[in-house]
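Here is a short tour of one protein model, written for someone who would rather look at the structure than read a table of coordinates. Keep the viewer open as you go.

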Amino acid sequence: MNDQAGTARTLCLIGCGPRGASIVERILANVPALYGDRPLDLHIVDPYPPGAGRVWRTDQPGLLWMNSAAEQVTMYPDASVDCAGPPRPGPTTAAWLGSPLHDGAYAARRDQGRYLRHFFETVTRERPASVRLFVHRARVTDLRRTTDGGAAPDGPGRQRVFLDNGEPPFLADRVVFAQGHTETLAAPVPAGLTRIGPGPADPDALERIPPGAPVVVRGLGLVFIDCLALLTEGRGGRFVRTPGGPLRYLPSGREPRLYAGSRRGVPLPPKPAYPAPAGALAPPAAPRFATVEACRARLSRPGASFGREVWPLVVAELGWWHYRALFAEQPARTRMTWQDFDAQYALLLTDADRLAKLARSAVPDPADRFDLERLAAPLAGKEFDGTDALQRQLRGHLAEALRRRTGPARGVDTALVDALQRVGAVIEELWRSGALDAPQVAEALERFAIGTYLSSGPPPLRAEQLLALAEAGIVTFVGPGMRVESADGTGDGDDGGAVFRASGPAVPGAVHEAAVLLDARLAAPGRDGVTDPLLRALLSRGELALESTEDGAGGMLRLSGAGLHPVDASGTVQRDRIVAGPAQFPRPHTNAVYFRQNDALARLLLTDR
């Protein structure tokens with residue numbers, strides 16, 4: 001099966017979740033125009049079913065849901081995509097499933113996996129006759145450059161690909177790394193303690209937590225939401241709602257007690273209820289101020305930094321979408337015409353002080369004004385007189401977030417989420433096109449973490465369930481700036497042995513102890529924390545290198561330009577390798593950067609240009 005007969009070019013994709021599957025589709029779509037009927041061998045290597053990969057595998061519990069509305073997810077590049085390759089129209093997840101969805105809009109992750117597997121099977125079944133496909137259910141353990149097997153059709157040598165499943169190695173001319181989020185090696189813990197994660201929710205590991213046991217939880221994002229579902233409904237608990245009343249949780253008695261915190265100390269706000277209410281303002285077709293062209297122009301200035309040149313445009317863009325929706329949908333809360341406000345806003349674009357003065361004159365209630373710092377850190381600097389006071393504050397915060405994102409006036413928050421997605425696509429394009437150097441990329445990712453927080457939350461029902469769990473005492477919030485350390489226990493409720501201790505500045509003196517730490521987050525590994533055997537091998541030999549961070553720890557892989565070629569420790573660009581990182585699912589009919597980049601990478605693989 002792996003014989004390299006003839007002079008066929010050989011491409012190898014390592015990892016075939018959504019990103020890898022989309023690159024496969026773009027390769028096959030571009031073969032007729034760029035490669036004709038010349039032979040091409042395409043090797044796919046993934047221990048999980050191609051298309052779905054690890055995250056979207058079809059055997060996971062149905063309690064794990066997507067956080068994107070299924071109608072807004074597609075794997076098919078439609079005619080809106082501005083790329084050189086041909087379009088391939090196809091159904092969204094919702095259209096393909098054709099069945100009721102959770103919370104009216106969201107598919108289970110295993111059902112998204114079915115869609116992804118169907119996509120991969122469809123595009124590979126319809127591949128050109130000149131393309132031979134090899135699917136290896138394995139992990140790549142190493143790549144070794146070699147001149148064995150003859151020269152590549154238009155290159156000096158090949159790479160020998162080693163697998164962990166006993167198959168003999170095969171030769172490849174070009175290799176794409178598409179493994180998705182890199183798994184992180186968990187730090188060791190003292191004897192008698194248990195640490196789960198970091199990484200996606202692990203049903204088997206969570207099942208080993210004893211009923212009623214206290215658990216310290218680090219992270220309040222999507223992994224936390226997944227773990228909650230498995231530890232509550234997954235253990236027989238039920239959510240019930242009285243007519244016209246709030247959601248309540250009826251425990252089974254098998255739940256653990258969770259003490260949860262994070263850097264911000266507040267859970268992600270939910271996605272706005274889908275669909276938008278009738279008559280809601282349609283979003284603009286594209287950013288108005290923070291366009292790719294405007295950002296590139298600013299970045300061309302000598303000594304440009306992302307924070308000084310681009311970030312003011314990003315903040316102005318987000319604010320403009322916020323006020324546009326406020327003026328259109330809640331005009332009674334403003335005291336200026338939109339035309340006058342819009343004209344002045346455009347003139348004052350990057351003058352933060354004068355924009356704030358304009359907002360004060362046009363929007364009487366401070367709660368209606370766009371304040372990114374308040375949104376980013378709603379509990380910053382606050383102290384509470386005891387844990388109960390913090391719980392009341394956070395339950396009120398959750399209830400208000402639900403009201404703003406599910407109520408009839410949700411258009412303003414919906415507009416902000418739309419704006420964050422559009423601006424995020426601009427930053428992604430700047431990054432992947434090479435317009436940002438390494439320090440600028442690091443600053444962009446740090447600043448735009450607010451985008452993930454505000455736009456990547458769970459379905460509204462999951463947020464409402466979290467509020468019910470907090471009211472039932474299953475979840476206790478620790479607050480922002482949570483610190484976790486291992487120490488000797490106090491003996492209260494345990495045997496006085498080693499424990500994890502969680503505390504935070506919001507409630508001075510309050511400490512929560514547990515023998516289990518749940519790292520409910522996706523952590524970026526440093527060089528010594530990478531579990532992927534291939535990455536470990538290449539990093540150890542210097543064939544891959546990590547960008548340095550301010551604290552000296554390793555960060556992202558060092559890449560070169562729009563081709564996403566890795567740069568080795570000596571500074572040499574490896575043009576026969578491409579690193580395609582994970583990305584959010586593209587929306588249909590939006591000229592998604594996801595498809596444009598994947599098409600460009602596919603054409604690069606076929607032409608070397």
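Start with H8 and helix H9 (residues 352–362): in this predicted model, their axes come within 10 Å and cross at roughly 170 degrees. Angles over 145 degrees count as roughly antiparallel, so that is what H8 and H9 are to each other. On the H8 side the contact is made by Phe341, Gln344 and Tyr345, and on the H9 side by Leu355, Leu358, Ala359 and Ala362. Sorted by type, the residues of this contact come out as six nonpolar, one polar and no charged.

Now look at H8 (residues 338–347) against H7 (residues 306–329). The axes of H7 and H8 come within 11 Å and cross at roughly 175 degrees. That angle makes H7 roughly antiparallel to H8. From H7, the contact uses Val315, Ala316, Gly319, Trp320, Tyr323, Arg324 and Phe327, while H8 brings Trp338, Phe341, Asp342 and Tyr345.

In soluble globular proteins, nonpolar side chains tend to be buried together. The largest nonpolar core in this model has 94 residues, and Leu206, Phe224, Leu318, Tyr323, Tyr345 and Leu518 have the most contacts inside it. Which element gives the largest share of this core? H7 does, with 13 residues.

Leaving out residues up to four places away in sequence, Leu206 touches Ile196, Ala201, Cys227, Leu230, Leu231, Arg235 and Leu518. Apart from this core lies another one, of 43 residues, with Ala21, Tyr35, Leu42 and Ala580 among them.

Most residues other than glycine have a negative phi, and most peptide bonds are trans. The peptide bond from Gly197 to Pro198 is cis, with omega near 0 degrees; Pro198 lies in the loop between strand E8 (194–196) and helix H4 (203–207). The peptide bond from Tyr274 to Pro275 is cis too, also with omega near 0 degrees. For Pro275, look in the loop between strand E12 (257–261) and helix H6 (292–299).

Then there is phi. Leu564 is not a glycine, yet its phi is positive, near 55 degrees. Leu564 sits in the loop between strand E20 (559–560) and strand E21 (565–566). Is Leu564 buried or exposed? With a relative accessible area of 4%, Leu564 is buried. Asn591 also has a positive phi, of about 50 degrees, without being a glycine. Asn591 is in the loop between strand E22 (577–579) and helix H17 (593–607), and at 25% relative accessible area Asn591 is partly exposed.

Two alanines make a handy contrast. Ala84, in the loop between strand E2 (40–45) and helix H2 (93–97), is exposed, with a relative accessible area of 57%. Not counting residues up to four places away in sequence, Ala84 touches Asp599 and Arg603. Ala389 lies in helix H11 (residues 387–406) and counts as buried, at 16% relative accessibility.

Finally, how far should you trust the picture? The mean pLDDT of the protein is 91, and 94% of its residues reach 70 or more. Over residues 1–6 the pLDDT is below 50, and this stretch has 16 contacts in the model beyond near neighbours in sequence. Residues 151–155 also stay under 50, with twelve contacts beyond four places in sequence. Where pLDDT is low, the predicted coordinates should not be read in detail.

Definitions and conventions. Residues are numbered from 1 along each chain as its sequence is written. This is a predicted model: local features need pLDDT of at least 70, side-chain atom pairs count only at pLDDT 80 or more; totals for chains, interfaces and linings use all residues. Side-chain values use heavy atoms; hydrogens and water are left out. pLDDT is the predictor's confidence in each residue, from 0 to 100. Contact means heavy atoms within 4.5 Å. Axes are lines fitted to C-alpha atoms, for helices over the stretch in contact, and angles run from 0 to 180 degrees between N-to-C directions. Helices (H or I, at least four residues) and strands (E, at least two) are DSSP runs, numbered from the N terminus. Angles under 35 degrees count as roughly parallel, over 145 as roughly antiparallel, 65 to 115 as roughly perpendicular and the rest as oblique. A nonpolar core is a set of buried Ala, Val, Leu, Ile, Met, Phe, Trp, Tyr and Cys residues joined through side-chain atoms within 4.5 Å. Buried means under 20% relative accessible area, exposed over 50%, partly exposed in between (1.4 Å probe, protein chains only). Ala, Val, Leu, Ile, Met, Phe, Trp, Tyr, Cys and Pro count as nonpolar, Asp, Glu, Lys and Arg as charged, and the others, Gly among them, as polar.
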